[in-house]
Amino acid sequence: IYINPLAALTAEEWRFVVGHEILHVALQSWDRGAHRDPAIMEYAFDFVINGWLVEMGIGKRPEWACYDPRLAGWSVEDVYDKIVADGLRAERYRSMAGVGKRTVLDPPTPSWWGSAAGLDLSAYYLRCAQTGLDLMLTTGRGSLPADLVEAIRALAHPPSPGMWRWG
């Protein structure tokens, strides 16, 4: 996630922007719509993500952020098609990088992204679930169903490969 720490944003706008960037990562926006214009695709994601954040009440949307309440419930692909069909160009929109500029780095897939290093998606989700469980237990904030707690613990500590034998 790349964010300009010098951007003149309020605390509520920062919450919105950080949530926005996290959703870009969660939705793997760099990897969808390979056959489409990447700049317009990014704006389509921006409209959808910002709509979700406004709907959920996460922070405060900066006034320059892409947002159109008429697009509520639309998919990214539908928003992309709408932008193209209406003849709108990505240059009309303003991102944190400026008018018509992309906020995603080029090339969108650095060489290390395809390497075997790091976590696969399942391991990442498990790490997130374990971190959330640890925070809940250490801070006393929040609650989870007991069977979910047990599932997270079981997945975090699988049996040794030779532990189970048949016959």
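Which pattern does the protein follow when read along the sequence? The points below answer this and then turn to the helix packing.

1. Overall order. Along the sequence, the pattern is α-α-α-β-β-α-α. The protein has five helices and two strands; helices (H or I, at least four residues) and strands (E, at least two) are DSSP runs, numbered from the N terminus.

2. Basis of the note. This is a predicted model, in which local features need pLDDT of at least 70 and side-chain atom pairs count only at pLDDT 80 or more, while totals for chains, interfaces and linings use all residues. Residues are numbered from 1 along each chain as its sequence is written, and side-chain values use heavy atoms, with hydrogens and water left out.

3. Of the 167 residues in the protein, 26% are buried (buried means under 20% relative accessible area, exposed over 50%, and partly exposed in between, with a 1.4 Å probe and protein chains only). Among contacts with a separation of 6 or more, 59% come from residues 24 or more positions apart; contact means heavy atoms within 4.5 Å.

4. Helices H1 and H2. These helices pack at an angle of about 125°, with their axes 10 Å apart. Axes are lines fitted to C-alpha atoms, for helices over the stretch in contact, and angles run from 0 to 180 degrees between N-to-C directions. H1 is therefore oblique to H2: angles under 35 degrees count as roughly parallel, over 145 as roughly antiparallel, 65 to 115 as roughly perpendicular and the rest as oblique. On the H1 side, the contact is made by Phe-16, Gly-19, His-20, Leu-23 and His-24. H2 contributes residues including Phe-45, Ile-49, Trp-52 and Leu-53. By class, this contact has seven nonpolar, four polar and two charged residues. Here Ala, Val, Leu, Ile, Met, Phe, Trp, Tyr, Cys and Pro count as nonpolar, Asp, Glu, Lys and Arg as charged, and the others, Gly among them, as polar.

5. Helices H2 and H3. The axes of H2 (residues 38-56) and H3 (residues 76-85) come within 8 Å and cross at roughly 120°, which means that H2 is oblique to H3. From H2, Ile-40, Met-41, Ala-44, Phe-45, Phe-47 and Val-48 meet Val-76, Glu-77, Val-79, Tyr-80, Ile-83 and Val-84 of H3. The class make-up of this contact is 11 nonpolar, no polar and one charged residues.

6. The nonpolar core. How many residues does the largest nonpolar core have? It has 18, and Phe-47, Val-76 and Val-79 are those with the most contacts inside it. A nonpolar core is a set of buried Ala, Val, Leu, Ile, Met, Phe, Trp, Tyr and Cys residues joined through side-chain atoms within 4.5 Å. Two or more residues come from each of H1 (11-26), H2 and H3, and H2 gives the most, with nine residues. Leaving aside neighbours within four places in sequence, Val-76 is in contact with Arg-32, Met-41, Ala-44, Phe-45 and Val-48.

7. Lys-82 is found in helix H3 and is partly exposed, with a relative accessible area of 35%. Lys-82 and Leu-71 are 11 residues apart in sequence and 9.6 Å apart in space, C-alpha to C-alpha. Thr-10 lies in the segment before H1 and counts as partly exposed at 41% relative accessibility. Thr-10 and Gly-59 are 49 residues apart in sequence, with 9.5 Å between them in space, C-alpha to C-alpha.
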